Amino acid sequence: MADNQPLPGLLVVLSGPAGVGKTTVATRLLQEPDFTRSVSATTRPPREGEVNGRDYHFVSAEEFAKLKAANELVEYAEVFGRSYGTPKQPLRDAVKQNKVILLVIDVDGGKQVKDKKLDALLVFLKAPDKGELQRRLVQRGTENLKQQTERLSRSDLEIKIGHSEYDFVVVNDDLDRCVEQVKELIRERRLQLRDRKNAGQTLYPGLNKG
Ligand code: 5GP
């Protein structure tokens, strides 16, 4: 009987070093009909091809400060000198509609989400090794040499945090396998949440207040 019940919504944090393939994995996951993604606010300028409101909400430093002050961000962090944050309301809307909402954010943001009682699933993506990470980063060609070096040197710390703070670390070696693994982790967590809901627990308590 329980199998006819819809699976509850879920916040899924997807983090990993620059170049690991977060965007590619997220794009594949978003082919699922009940998956959606959180659109972050950022003070960094758009890159070529990026669309305001689809890729990010591109805002000024003043606008970002206002969002923070109004408590409208569930988490925020400085990444490579720019501010990034996750708006709260779309998360509430997504879980209300039993959707899986992907937060492609950095590890500082992931830790904040973890501390907020949002029943989020935290998945950290790792490259098979550092040489491969460097190759992917150079290949995508969106950063200059200085930025590539900066991102690579941050990756060690991120991997450490991924191992200590995240629920699962998944190696993105074979894309299909990686996507399937993440989907399975999501499904298992949703089944657990459904059981907890049926047992009378309130899900995502941290989303209901303030
Ligand atoms: P990019 O500028 O390359 O799109 O993103 C740089 C880093 O910021 C990536 O690690 C990305 O996951 C992270 N990021 C994007 N949006 C958010 C957000 O809303 N919060 C946090 N904490 N990190 C974010």
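Student: Which strands does helix α2 lie across, and at what angle does helix α2 run to β6?

Tutor: Helix α2, residues 61–69, lies across β3, β5 and β6, and runs at about 40 degrees to β6. The model is predicted, so local features need a pLDDT of at least 70 and side-chain atom pairs count only at pLDDT 80 or more, whereas totals for chains, interfaces and linings use all residues. Residue numbers start from 1 along each chain, following its sequence as written. The element names refer to DSSP runs numbered from the N terminus: helices are H or I runs of at least four residues, and strands are E runs of at least two.

Student: What makes β4 and β5 edge strands?

Tutor: Four strands form an open sheet in the order β4-β3-β6-β5, with mixed pairing. Within this sheet, β4 (57–58) and β5 each pair on one side only, and that makes them the edge strands. Pairing here requires at least two bridges found by DSSP between two strands. Strand β3, residues 41–42, meets that rule with β6 over two bridges in the antiparallel sense, and T42 has Y84 of β6 as its bridge partner. β5 and β6 also pair in the antiparallel sense, over six bridges, and E75 stands opposite T86 in β6. The hairpin of β5 and β6 has two residues between the strands, and there F80 takes a positive phi near 45 degrees.

Student: How many strands make up the sheet that contains β2 and β9, and in what order do they stand?

Tutor: That open sheet has five strands in the order β2-β7-β1-β8-β9, and the pairing is parallel. β2 (35–37) and β9 (168–171) each have a single partner strand and stand at the edges, so one side of each is left without a neighbour in the sheet. If direction is ignored, neighbouring strands are turned by 30 degrees against each other on average. β2 and strand β7, residues 100–104, run parallel and are joined by three bridges; R37 has L102 of β7 as its bridge partner.

Student: At what angle do the axes of helix α1 and helix α7 cross?

Tutor: The axes of α1 (residues 22–29) and α7 (residues 175–198) come within 10 Å and cross at roughly 60 degrees. That makes α1 oblique to α7, because angles under 35 degrees count as roughly parallel, over 145 as roughly antiparallel, 65 to 115 as roughly perpendicular, and the rest as oblique. The angles run from 0 to 180 degrees between N-to-C directions, with axes fitted to C-alpha atoms, for helices over the stretch in contact. The crossing of α1 and α7 is right-handed; a near helix turned clockwise from the far one by less than a right angle gives that hand, and anticlockwise gives left-handed. T24, V25, R28 and L29 of α1 make the contact with L175, C178, V179, V182 and K183 of α7, contact being C-beta atoms, placed from the backbone, within 7 Å.

Student: Why are α4 and α6 called roughly parallel to each other?

Tutor: Their axes come within 10 Å and cross at roughly 20 degrees, where α6 is residues 145–165, and α4 and α6 are therefore roughly parallel. The crossing is left-handed. V107, G110, K111 and K114 in α4 meet E158, I161, G162 and E165 in α6, and these residues divide into two nonpolar, two polar and four charged. In that count Ala, Val, Leu, Ile, Met, Phe, Trp, Tyr, Cys and Pro are nonpolar, Asp, Glu, Lys and Arg are charged, and the others, Gly among them, are polar.

Student: At what angle do α5 and α6 pack?

Tutor: Helix α5, residues 130–140, packs against α6 at about 150 degrees, with the axes 11 Å apart, which makes α5 roughly antiparallel to α6. α5 passes α6 in a right-handed crossing. L133, Q134, L137 and V138 in α5 meet Q148, R151, L152 and S155 in α6, a contact of four nonpolar, three polar and one charged residue.

Student: How many residues surround the ligand, and which are the closest?

Tutor: The ligand is surrounded by 13 residues, the closest being S40, A77, Y84, I105 and G109. The elements that give two or more residues to this shell are β5 (73–79), β6 (82–87) and α4 (107–114). A residue counts as near if its C-beta atom, placed from the backbone, lies within 6 Å of the molecule. By class, the shell has five nonpolar, four polar and four charged residues.

Notes: Contact = placed C-beta atoms within 7 Å.
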